[in-house]
Amino acid sequence: MSTLIAAEGLGHAYNDEWLFKNLTLGINPGQRVALVGINGAGKSTLLKLLAERFSPLEGKIVKNKSVKIGFLDQEPSFPEGYSISDFIFSLENKQQQLIKEYEELIEDPNPDEKMLNRLYEELSEHNAWEYEHEIKTILSRMGINHLQQKIATLSGGQKKRLAFAKLLIEDPEIYVLDEPTNHLDIDTIEWLEKLLTSGNKTILLVTHDRYFLDNVCNTIVELDRGKTFNYNGNYAYFLEKKAEREASDDATFQKNKNLLKKELEWMRRMPAARTTKSQSRIDAFYNLEEKTKQRSDNQQVTLNVKMARQGGKILELDHIGQTFDDKKIINDFSYTFKRGDRIGLAGKNGTGKSTLLNIITGNLKPEKGIVDVGDTTVYGYYKQGGLSFNEKERVIDIVKADAEYIKMADGQTISASALLTLFLFPPKKQHGMVEKLSGGEKKRLHLMKVLIQNPNFLILDEPTNDLDIDTLNVLEEFLENFPGVLILVSHDRYLLDKMSEQLFIMEGEGAVSIYNGNYSDYRVSLENAKEVMNSKKETVAEKPKETSSKKLSFKEQKEFEDIEKSISVKEDEIAKLTSSLNDIDASDYQKIQEVSEKIKQADDNLAKLLERWVELSEK
């Protein structure tokens, strides 16, 4: 198998410190490689070197000149003055230029009919309709709808999605992706997983998203203290083999064994992983643990900061309502928070998650309803861009500004330096300047500042962005021991599954539903509901209805039966609308758009019906 791209004897330094020297790495066609390692290990630097963004101080990158590399930066840059359309569609690509003209024209409320007919004919001549559909799907999935909009007016997250959309449209020989799931909602991430694992794509990526990493990658390369360790398998396989490698080093093994075992053990409980092969790996892992039981465990300090006292009343939301620009964001939502609530906040981008959090924390007064906060409630709110540091200040002084010593949950106190060490800042980093930290290390420091304020109501808004997996392990261990209320907003399904026991689902158009269970439970329940309803449709003719559940009231039983009928009607409606698309003249773009909107609306209504059906069926 010929190597597409290789690093030979690579060496590079940052702030007068070598990240790696004499590093060798090769990537073959069809390999989907994840680069893992702690923040500051040099992952992003290595990606940029392999994407030929700059030259290494030592060694070289070897590849065929004809091999095209597509690079997704964490913070992409764009030509000044460009619109979305200018950036997306390549001047050298005739098909793309035709599609650009067509898409721009149909955005016009009063398009030129002659020009539209000319473009329709040209698109047919160049066999570009399928390509047009593919491009439109990618743009729509990335939340890009207004092609004339200037890029300068977009948010950071929108710019990242725009850069990613262009890369997916170009479909290069090698994808180099730095944190590709940042700023994407969960539905888009799941769609992206399927896209990236089709067509024998070659990928090199850095991601903190363990489900994404496990589902997409077939090779893991660990960057550890300037050296690389290769594992030919997915993330779960990497966990096992990493533990075996470290078993030879008694001290290191004892430090990491429990976290690795716990994480692997938890991952294996997910439904998709219950296979014979997986079970044999679990058995092998337990055998490894058995062999090491004789070793004496050193007691370790865990990050378990003292929490402020929490009274009986925590927070009550009473019939909350909020609109923006005549658009319903939250409609008549009520909830009384209880001790130990662990809530995941889920929903597509733009459905109002940040609005709800701002109402909860008092940063926004709702138009309708009452927010009643308990006297002892102390918020800790971590959000993207929520804290800036003095770049010329030492890391340890940032923490000491709050306290020289921090009280832990068991009553003991530890120094600021010891706490930084727990948060994976070694002494050398602690006494260095903030400006020398990587982006992920700064996020880690921000997160730590929030946690040591002793909150009893913790809100984490996308805490995983740019954090490495080792830091996430520390955070998860803290959250597992945190006795207060937790609200977690994350596109990281692993973290949502592990840390939440209940979901607030922002469904759009103001609807907020509550689901008891984690995210994977929720998705499985939706899939099961669809399967059950399909099965019911097949057997309804010969199978009489079962007697109603004693736990359902008469009113609920009636609702349950009505929903079953409504689901069947809605599914028929979607099937007819989808079929009707084939009968519409391809040039009648208005009719196509009209029917497509009806299908989308019907799909949304069906999802709501299925969710309520599941809720009643569980009773």
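The legends below describe close-up views of one predicted protein model.

Residues are numbered from 1 along each chain as its sequence is written, and side-chain values use heavy atoms, with hydrogens and water left out. Because the model is predicted, local features need pLDDT of at least 70 and side-chain atom pairs count only at pLDDT 80 or more, while totals for chains, interfaces and linings use all residues.

**Figure 1. The protein as a whole.** The protein has 21 helices and 20 strands, where helices (H or I, at least four residues) and strands (E, at least two) are DSSP runs numbered from the N terminus. Of its 619 residues, 49% count as buried, a term that means under 20% relative accessible area, with exposed meaning over 50% and partly exposed lying in between (1.4 Å probe, protein chains only). Among the contacts in the protein with a separation of 6 or more, 69% are between residues 24 or more positions apart, contact meaning heavy atoms within 4.5 Å.

**Figure 2. Helices H3 and H4.** Helix H3 (residues 94-107) packs with helix H4 (residues 113-125) at an angle of about 150°, and their axes are 10 Å apart; axes are lines fitted to C-alpha atoms, for helices over the stretch in contact, and angles run from 0 to 180 degrees between N-to-C directions. That angle makes H3 roughly antiparallel to H4, since angles over 145 degrees count as roughly antiparallel, those under 35 as roughly parallel, 65 to 115 as roughly perpendicular and the rest as oblique. The contact is made by Lys-94, Leu-98, Ile-99, Glu-101, Tyr-102, Leu-105 and Ile-106 of H3, together with Met-115, Leu-116, Arg-118, Leu-119, Glu-122 and Leu-123 of H4. By class, nine of these residues are nonpolar, none is polar and four are charged, where Ala, Val, Leu, Ile, Met, Phe, Trp, Tyr, Cys and Pro count as nonpolar, Asp, Glu, Lys and Arg as charged, and the others, Gly among them, as polar.

**Figure 3. Helices H5 and H7.** Helix H5 (residues 129-141) and helix H7 (residues 186-196) pack at an angle of about 145°, with their axes 10 Å apart. On H5 the contact is made by Thr-137, Ile-138 and Arg-141, and on H7 by Asp-187, Thr-188 and Trp-191. This contact has two nonpolar, two polar and two charged residues.

**Figure 4. The nonpolar cores.** The largest nonpolar core has 52 residues, and those with the most contacts inside it are Ile-88, Leu-162, Leu-168, Leu-177 and Leu-196; such a core is a set of buried Ala, Val, Leu, Ile, Met, Phe, Trp, Tyr and Cys residues joined through side-chain atoms within 4.5 Å. Helix H6 (residues 156-170) gives the largest share of this core, with seven residues. Not counting residues up to four places away in sequence, Leu-168 touches Ile-138, Met-142, Tyr-175, Trp-191, Leu-192, Leu-195 and Leu-196. A second, separate core of 43 residues includes Val-395, Met-448, Ile-452 and Leu-488.

**Figure 5. Val-216 and Thr-197.** Val-216 belongs to helix H8 (residues 210-216) and, at 0% relative accessibility, counts as buried. Leaving aside neighbours within four places in sequence, Val-216 is in contact with Arg-32, Glu-193, Leu-196, Thr-197, Ile-203 and Leu-205. The C-alpha atoms of Val-216 and Leu-196 are separated by 7.0 Å, the two residues being 20 residues apart along the chain. Thr-197 is found in the loop between H7 and strand E7 (202-206), and its relative accessibility of 33% makes Thr-197 count as partly exposed. With the neighbours within four places again left aside, the contacts of Thr-197 are Arg-32, Asn-215 and Val-216. Thr-197 and Gly-30, 167 residues apart in sequence, are 9.4 Å apart in space, C-alpha to C-alpha.

Figure 6. Most residues other than glycine have a negative phi. Asn-127, which is not a glycine, has a positive phi of about 50°; Asn-127 lies in the loop between H4 and H5 and is exposed, with a relative accessible area of 64%. His-319, also not a glycine, has a positive phi of about 50°, but the place of His-319 is in strand E10 (residues 315-324), and His-319 is partly exposed, with a relative accessible area of 45%.
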